[in-house]
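Colleague: Walk me through this model, please. I will ask about strands, then helices.

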Amino acid sequence: MKTILIQLDTDAQPSTFDRVVAVDAGTDHLFSYGGVTPDNLTPLVHGAIFTRGPQDLSQTAIFIGGSDVAAGEKLLENVQSTFFGPMRVSVMMDSNGCNTTAAAAVLAAARHVSLSGARALVLGGTGPVGQRAGLLLARQGACVSIASRSADRAEAVCERLREQCAGAEITACESAGDSLASELSQADILISAGAAGVQFLSTDQWQSAGSLKVAVDLNAVPPVGLEGIEVTEKAKQHGDVVCYGAVGVGGTKMKVHKAAVQRLFEANDRVLNTAEIYSLAEEIG
Ligand SMILES: NC(=O)c1ccc[n+]([C@@H]2O[C@H](COP(=O)([O-])OP(=O)(O)OC[C@H]3O[C@@H](n4cnc5c(N)ncnc54)[C@H](OP(=O)(O)O)[C@@H]3O)[C@@H](O)[C@H]2O)c1
C-alpha cells in the first residue's frame, strides 16, 4: 500500500521546505493543505482516518507545520482529540523546524559534554527553538539558564519548562549585562537560539567564558549569534570550545526530520513532538 503524508500547514501556503523533506523521506503521496485552523481541521482528519481500514492506517500520517509554532501546537492537540479508538494515524509537529532544530542542537552538545549535571545557557531561550532546547537539556539532567531581553519573559518560560520537567534546575537570566556575564562564566554549554540576524556575543565574550566546552549557534543570518563561529562549522575547535554554526547543525536537523517522517509510517499511533523527536535524534546519532 502507498504511503500518504497529509501536510497540514497553518500558513496560507504550505511550506515548500517541508514538502521537499517529505518527498526525500520517500513518501509516496503528499497531500498539502495551507491555512489550516482548528475550525477547518476536522474534515481533513476525518478524511485521513475514515478511508483506509484500521489495519492500513499506519500507511497514512499527518505532518503539522507552518511558521506559527503556537498555532502548530494547538493544531496537534486538535488533531489528537479528533482521533478515537483505533481510528487514528501517526502525527508529527515541526512548525518552523522547532523540534528538529532543537533536537539537532542538543544532540550536537551531547556529543561533547555529558548533559547530566552540565550547566547550559540558552540565549534567545524564549523562542520556540530555545524553549525546546532548554526543555531537552533539562530533561537530560542539565542545569539550564534561559536568557531573554526581558527577565519576566525568561521567568515565564522557566515556569512552563519546570512544569514539564519536575525537579529540574531551570533559571532565568537577562541576555545582557551582569546576569548574562555570571551565567556565561559558569556555562559548559552555550546554545544561541536568538532571532535571525541577532548577535548576542562577541568572540571575546564567549571565548573568555572559563568553563565553556560547546557552543552552538543556530542563527544563519548575518550577523551570526556568536561572533566568530562560521555558519558551516561542525565540531570545529576554537581553543577549548567545540563549535557548531547553523548550517553545521542543519545536516543533523535534516537527517532527523527525514527519519521522523519515515518513522510515522511504522505504526498508526505515533505522536512525534519535542521529546519523541529528540529520542529519534539520539537513536540515529
Ligand atoms: N537551521 C535550521 O534549520 C533552523 C530552523 C529553525 C530555526 N532556526 C534558527 O534558530 C533560531 C531560533 O529560532 P526561533 O524561531 O526560536 O527564533 P525567534 O522566535 O525568532 O527568536 C528567538 C528569541 O530571540 C529573541 N530576540 C528577538 N529579537 C531580538 C533582538 N533584536 N535582540 C535580542 N534578542 C532578540 C527573542 O527573545 P526575547 O524577546 O525574550 O529577548 C526571541 O524569543 C533562529 O535564528 C532561526 O533562524 C534554524
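Colleague: In which sense do strand β8 (residues 189-192) and β9 pair?

Modeller: This is a predicted model, where local features need pLDDT of at least 70, side-chain atom pairs count only at pLDDT 80 or more, and totals for chains, interfaces and linings use all residues. Residues are numbered from 1 along each chain as its sequence is written. Strands are DSSP E runs of at least two residues, helices H or I runs of at least four, numbered from the N terminus; two strands pair if DSSP finds at least two bridges between them. I189 has V214 of β9 as its bridge partner, and over four bridges the sense of β8 with β9 is parallel.

Colleague: In β11, which residue is the bridge partner of V214?

Modeller: β9 also pairs with strand β11 (residues 241-244), parallel, over three bridges. The partner of V214 there is V242.

Colleague: At roughly what angle do the axes of helix α5 (residues 128-139) and helix α6 (residues 151-164) cross?

Modeller: Axes are lines fitted to C-alpha atoms, for helices over the stretch in contact, with angles from 0 to 180 degrees between N-to-C directions. The two axes come within 10 Å. They cross at roughly 40°.
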